[in-house]
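Please read the points below with the model open beside you.

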Amino acid sequence: MENFDSWCAKEKAREFTTGCMENDLDIYFKKWRVLKLTESDFMGLGDTPTMSSDWVTFRQSLRDLPSNSDYPNNLSVAGFVPLDPNGQ
């Protein structure tokens with residue numbers, strides 16, 4: 001799994017854009033958030049109950065971020081987008 005900055009850089013290269021513009025960060029964040037939630041969904045399946053409280057907190061913080069009053073303006077500010085429990 002990747003952090004938001006790394007993923008955004010790859011996404012903008014894939015889309016042949018000249019940069020991850022401030023007004024595009026909201027779109028990139030939402031795509032990345034869906035990816036991060038999807039990548040960790042398996043941890044919450046009934047047959048593999050391995051989701052730690054750290055992961056539960058991380059996933060909830062991703063869902064809650066758009067309701068933050070500083071969203072989307074602070075998406076490019078270090079630390080505004082949380083790192084997952086693996087530090088990514």
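1. Basis of the note. This is a predicted model, in which local features need pLDDT of at least 70 and side-chain atom pairs count only at pLDDT 80 or more, while totals for chains, interfaces and linings use all residues. Residues are numbered from 1 along each chain as its sequence is written, and side-chain values use heavy atoms, with hydrogens and water left out.

2. Overall fold. The protein has three helices and zero strands, and from the N terminus its elements run α-α-α. Helices (H or I, at least four residues) and strands (E, at least two) are DSSP runs, numbered from the N terminus.

3. Surface and burial. The protein has 88 residues, and 31% of them are buried. Buried means under 20% relative accessible area, exposed means over 50%, and partly exposed lies in between (1.4 Å probe, protein chains only).

4. Contacts along the chain. A contact means heavy atoms within 4.5 Å. Among contacts with a separation of 6 or more, 57% are between residues 24 or more positions apart.

5. Salt bridges. How many salt bridges does a search of the whole structure find? It finds three. The term means a side-chain nitrogen of Lys or Arg within 4 Å of a carboxyl oxygen of Asp or Glu.

6. Lys-30 and Asp-26. In this salt bridge the closest N and O atoms are 3.5 Å apart. The two residues are separated by about one helical turn, because they are four residues apart in helix H2 (residues 25-40). An α-helix has 3.6 residues a turn, so residues three or four places apart point the same way. Lys-30 is partly exposed, at 37% relative accessible area.

7. Asp-84 and Lys-36. The closest N and O atoms of this salt bridge are 2.8 Å apart. The pair links distant parts of the chain, 48 residues apart: Asp-84 is in the segment after helix H3 (53-64), and Lys-36 is in helix H2. Are these two residues buried or exposed? Asp-84 is buried, with a relative accessible area of 3%, and Lys-36 is buried at 1%.

8. Arg-59 and Asp-41. Here the closest N and O atoms of the salt bridge are 2.9 Å apart. This pair also links distant parts of the chain, with Arg-59 in helix H3 and Asp-41 in the loop between H2 and H3, 18 residues apart. Arg-59 is buried at 9% relative accessibility, whereas Asp-41 is partly exposed at 36%.

9. Helix H3. The twelve residues of H3 should span 16 Å at 1.5 Å a residue, and the end C-alpha atoms are 16 Å apart, which agrees. The expected span is 1.5 Å times one less than the number of residues. Which residues of H3 are buried? They are Trp-55, Phe-58, Arg-59 and Leu-62. Seen down the helix axis, the buried residues of H3 fall within an arc of 95°, so they line one face; the arc is that of the directions from the helix axis to the C-beta atoms. These buried residues pack against H2. The face turned away from the buried side carries the exposed residues Ser-53 and Thr-57.

10. Nonpolar core. A nonpolar core is a set of buried Ala, Val, Leu, Ile, Met, Phe, Trp, Tyr and Cys residues joined through side-chain atoms within 4.5 Å. The largest one has 17 residues, of which Phe-4, Phe-29, Trp-32, Leu-65, Leu-75 and Val-81 touch the most other members. Helix H1 (4-14), H2 and H3 each supply at least two residues of this core, and H2 gives the most, with five. Leaving aside residues up to four places away in sequence, Leu-65 touches Phe-29, Tyr-71, Leu-75, Phe-80, Val-81 and Pro-82.

11. Two single residues. Ser-76 lies in the segment after H3 and is partly exposed, at 45% relative accessible area. The C-alpha atoms of Ser-76 and Asp-5 are separated by 8.2 Å, although the residues are 71 apart along the chain. Leu-35 is in helix H2 and is partly exposed, at 32%. Leu-35 and Trp-7 are 28 residues apart in sequence and 9.9 Å apart in space, C-alpha to C-alpha.
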